[in-house]
Amino acid sequence: MDEIEKMRSGQLADMNAPEIQHSFRHCKKLLAHMRTMSSYDKEFRTLLRDLVPGIPSSSMICPPFHCDHGHGIKLGKHVFINANCTFLDGGLITIGAHTLIGPCVQIYTPQHPMDPMERRKSSEYSYPVTIGEDCWIGGNVTICPGVTIGDRCVIAAGSVVVHDIPSDSLAAGNPALVKKRLNGDTYQEV
């Protein structure tokens, strides 16, 4: 198992390993080029497909955008990611169809060891983040490693999501807590 496979499977992985450094370099070069473009440039879509392999033609990532690898981001159809988002995709970041991501959203999958002596090393864990279909993630939301957000959720702007959020929930705060549950077309207080 190489270090990228370890990283993607939640095992302690060496960030200085050649294959991870190659992935970082490839991504950073694409992102630097992306910063010189608009989403209306002819070459933009080609660059986006190189950065995020398999991105559906109906999905959009607005520049500027920041990520570690790009190939750890899996998007459903009709996903919209607004400007200035940061997705640290050591672990997989999966976003379901028809989900809207506001500006300045940060999704983190890396997790450093708790032991301070271990943190001095170049190794870290990565835990996947999954966001369901038909969600709306408000601007400036932070989603921490290992979190799953169910389908049809709304996460209020500025929230910090540290625990899973069940489907059909409106969550807000730091830490984000479920405030309301969707019942038909309306939300009910929790």
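Predicted model: local features only at pLDDT ≥ 70, side-chain atom pairs only at ≥ 80, totals over all residues.
Five strands make up an open sheet, running in the order 3-6-9-14-17, and the pairing is parallel. Strand 3 (65-67) and strand 17 (160-161) sit at the edges with a single partner strand each, so one side of each has no neighbour in the sheet. If you want to look at one end of it, go to strand 14 (residues 142-143), which pairs with strand 17 in the parallel sense over two bridges. There you'll find T142 opposite V160 of strand 17. As a reminder, strands of a sheet pair through backbone hydrogen bonds, either parallel or antiparallel.

Now for the packing. The largest nonpolar core holds 39 residues, and F65, F87 and I149 are the ones with the most contacts inside it. A second core stands separate, with six residues, among them M7, A13, I20 and F24.

Leaving out residues up to four places away in sequence, F65 touches L31, M34, L51, I73, I81, C85 and F87. So F65, one of the residues with the most contacts in the largest core, also belongs to edge strand 3 (65-67).

Is S59 buried or exposed? It's buried: the relative accessible area of S59 is 1%, and the cut-off for buried is under 20%. Setting aside neighbours within four places in sequence, S59 is in contact with R45, L75, G76, K77, H78 and V79.

Finally, the cysteines. A search of the whole structure turns up zero disulfides. For C85, the nearest cysteine sulfur is that of C104, 6.8 Å away, and C85 is in no disulfide because the pair would have to be within 2.5 Å. C85 is buried, at 0% relative accessible area, and is one of the residues F65 touches. C153 is in no disulfide either; its nearest cysteine sulfur, from C135, is 4.9 Å away. C153 also counts as buried, with 0% relative accessibility.

Terms used
Residues numbered from 1 in each chain as written. Heavy atoms only, no water. Pairing = 2+ DSSP bridges. Helix = DSSP H or I, 4+ residues; strand = E, 2+ residues; numbered from the N terminus. Core = buried A, V, L, I, M, F, W, Y, C linked by side-chain atoms within 4.5 Å. Buried < 20%, exposed > 50% of the residue type's maximum accessible area, 1.4 Å probe, protein only. Contact = heavy atoms within 4.5 Å.
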